[in-house]
Amino acid sequence: MKAGVLTGPQRIEIRRVPVPEMAPGMLKIRISACGVCGSDIHMWKAGKGWSPEPLDNFHMGHEFCGVVVDPGDSGFQIGDRVTFWANLYCGKCDMCRAGKEHLCRDVHGTNYIGFVCNGGYAEYFVGKAGNAYKLPDTVSDVAAGLIDPLMVAYHAVRQSSLKLHDKVLVVGSGIIAQLIGGLAKKAGASALAMSRIDERQTGKAREIGDFDAYFDGNDPDRAAKMQEASEGGFDVVFEAVGAGESLAACMDGVKPGGEIVMIGNSMTPTVPFELNRAVLHEVRLTGSVSCTRKEFTETIDLIAKGIIDAEKYVTGILPLDQLQHAFEKQISPAESVLKTVIRL
């Protein structure tokens with residue numbers, strides 16, 4: 001089969017590799033589509049995945065869907081359209097038993113399909129049937145490529161204290177930031193603003209029209225402008241970048257007694273933070289990662305019922321043969337890429 005193999009830093013080659021073998025508890029699908037994620041970009045830049053041992057012909061991709069060609073001993077049927085929850089949870093630890101599989105003791109934020117094992121940038125995939133979910137006919141292959149970022153956004157909004165008429169600020173302009181904005185508006189935000197450091201990804205946000213205001217994250221007067229525009233600060237602020245400067249922007253925008261929900265993953269072990277300011281203003285800090293298994297099914301339902309139009313966030317659809325080009329476009333300052341889906 002063809003696969004987009006990660007061969008080195010910023011290098012993907014389309015190669016012929018063996019079709020994965022079946023095993024008990026597994027099912028095989030022919031992949032239809034796979035979304036390009038920011039996590040993939042980080043691994044692409046590094047030239048390796050998260051597996052402690054090198055993998056033969058390692059190919060990434062965790063935002064994929066496909067058609068069952070071999071159901072094995074599962075309850076699925078040949079021809080079923082399915083997607084996979086990439087979280088390789090153990091199912092046995094205290095977190096898993098409590099229904100918090102996203103906090104599984106074995107996951108550590110990296111034990112995912114396409115991170116520690118081969119993923120969806122290929123013609124076929126074999127994985128645990130327990131991680132597969134049937135797709136309704138109202139969820140297209142392209143829309144299925146956005147289930148993963150939407151689940152992250154959905155969990156973050158549910159983790160927050162957001163209530164009707166709250167003022168909301170999203171720091172970041174990527175796909176998760178924009179999906180959070182769309183969900184926050186539907187959840188009753190009376191004012192929705194974005195803080196960003198450039199305009200590269202905001203074209204789609206302005207086209208969709210969920211955000212009421214935009215702040216320049218590089219503006220030295222951003223704190224005063226945020227506080228003035230929100231009449232004293234935002235009730236809930238979502239951090240969707242994962243950097244010290246973006247967390248500082250959150251502190252500039254949040255009101256005393258407000259909440260900052262942190263979704264972005266830092267590329268460094270630590271980031272600077274104004275602890276005293278958070279303490280003295282009683283700012284609540286809430287972490288948010290992935291989603292629960294129940295929320296994953298609810299995310300599929302959000303798309304299936306038309307509550308979220310996932311396809312409107314897509315800025316490019318490319319074939320597998322152009323996977324390297326898709327990654328290059330994602331990081332190019334000359335491109336306005338928000339979300340790319342690879343069709344197979």
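The legends below describe views of a predicted model of one protein chain.

**Figure 1. Overall fold of the protein chain.** The protein chain holds eleven helices and 15 strands (DSSP runs, H or I of at least four residues for helices and E of at least two for strands, numbered from the N terminus). Its C-alpha atoms occupy a box of roughly 60 × 45 × 40 Å along the principal axes. Among contacts with a separation of 6 or more, 72% join residues 24 or more positions apart (contact: heavy atoms within 4.5 Å). Of the 344 residues, 53% are buried (under 20% relative accessible area, with a 1.4 Å probe and protein chains only).

**Figure 2. Surroundings of H62.** H62 lies in the loop between α1 (38-46) and β4 (63-70). Because its relative accessibility is 5%, H62 counts as buried. Leaving aside neighbours within four places in sequence, H62 is in contact with C34, C37, S39, D40, F84, A86, I113, F115 and D148.

**Notes to all figures.** Residues are numbered from 1 along each chain as its sequence is written, and side-chain values use heavy atoms, without hydrogens and water. In this predicted model, local features need pLDDT of at least 70 and side-chain atom pairs count only at pLDDT 80 or more, whereas totals for chains, interfaces and linings use all residues.

Definitions and conventions
Buried means under 20% relative accessible area, exposed over 50%, partly exposed in between (1.4 Å probe, protein chains only).
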